[in-house]
Amino acid sequence: ESADIDLSVKNGVGVSSRINLYELTAVNSSNGKIVSLQWDQLNEPLAIPPATSNPFIPSLTTFTLNNSNSNIKSLVEILPDKLKYAMDVFVNPNGNSSGYNDFAYDTSALDVSLDVTIPLSLVANDLVLQDTVDFSLASQEEGEPTIKEGTFTVIAYNGFPLNAIPQLYFYDEAMNFLDSLFIASSLIAAGKINDQCVVSEKTKSVLVIPVDEIKMNHLRNAKKIVIRAAFATTTSGACNSYLKIYDDYLLDIKLTGSFIFYTGY
């Protein structure tokens, strides 16, 4: 819904400085999306005051980019993994303005950082969360009954205000992919939202998946499950736009099974 970025400059040199930011471009290298910053202070000189001595205190100057003065939300929304920038840093641009009282130490530095604040209030479409857990279907000891086929049941308690489409991927000990559980998309319904647009109660969904003998052979060798869910925002009454996500929201998933065993006798 919104995003703020603080461009912070820490000046550890006892001289005035200036920064000119010409370009800041967000890049998502996985999907090729690129968004360049539009900001009312782009290409404008940004003055940086000097550090002070006795005691030595670096100066800290912060420039805030938000929804009202820039398109910073658009940069954050593409979930970038790279930032491209072009800037000039001018040290002592005004010459001897301090009467020969400029100074620098061997530890002096000029540091520039970006601090991002994002309230987690969003509209979601195919937002993916996943987790990896250990898995063991049955013993492989000789002479013990073998699972031939059966039915898995996924019991989900969804505490997010988001519908979810789940998938379970099975891997061996070396994380080599073996098989997936769902053949067709199945829906885990969103949690119940109150009139403050906060989840007041988890919603229970029960998904039944038959597993044939071929798939069961794959699953018997599985040691890990990757539980993956793609979320999409739900709407209810006045809660039809951005929804806040709180740190106590949870999606609990339990996997149970009913099996036919082959004894070999």
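Leaving aside neighbours within four places in sequence, which residues is Leu 181 in contact with?

## Contacts of Leu 181

In this predicted model, Leu 181 is in contact with Phe 152, Val 154, Gln 167, Leu 168, Phe 170, Ile 209, Val 211, Lys 215 and Leu 255, once its neighbours within four places in sequence are set aside.

## Nonpolar cores

Leu 181 is also one of the residues with the most contacts inside the largest nonpolar core, together with Leu 137, Phe 170 and Phe 182. This core has 28 residues. Two or more of its residues come from each of the following elements: the strands β10 (146-158), β11 (162-171), β15 (203-211) and β16 (224-233), and the helix α2 (213-220). Another core, of 20 residues, lies apart from the largest one. Ile 5, Ile 19, Leu 21 and Leu 42 are among its residues.

In soluble globular proteins, nonpolar side chains tend to be buried together.

## The four-stranded sheet

Four strands form an open sheet in the order β9-β16-β11-β12, and their pairing is antiparallel. At the edges are β9 (125-134) and β12 (177-180), each of which pairs on one side only. From one strand to the next, the twist averages 25°.

The strands β9 and β16 run antiparallel and are joined by nine bridges. As an example of such pairing, Asn 125 has Ala 232 in β16 as its bridge partner.

## The helix across the sheet

The helix α2 lies across two strands, β11 and β12. Relative to β12, α2 runs at about 135°.

How values were computed:
Residues numbered from 1 in each chain as written. Predicted model: local features only at pLDDT ≥ 70, side-chain atom pairs only at ≥ 80, totals over all residues. Heavy atoms only, no water. Core = buried A, V, L, I, M, F, W, Y, C linked by side-chain atoms within 4.5 Å. Buried < 20%, exposed > 50% of the residue type's maximum accessible area, 1.4 Å probe, protein only. Contact = heavy atoms within 4.5 Å. Pairing = 2+ DSSP bridges. Axes fitted to C-alpha atoms, helices over the stretch in contact; angles between N-to-C directions.
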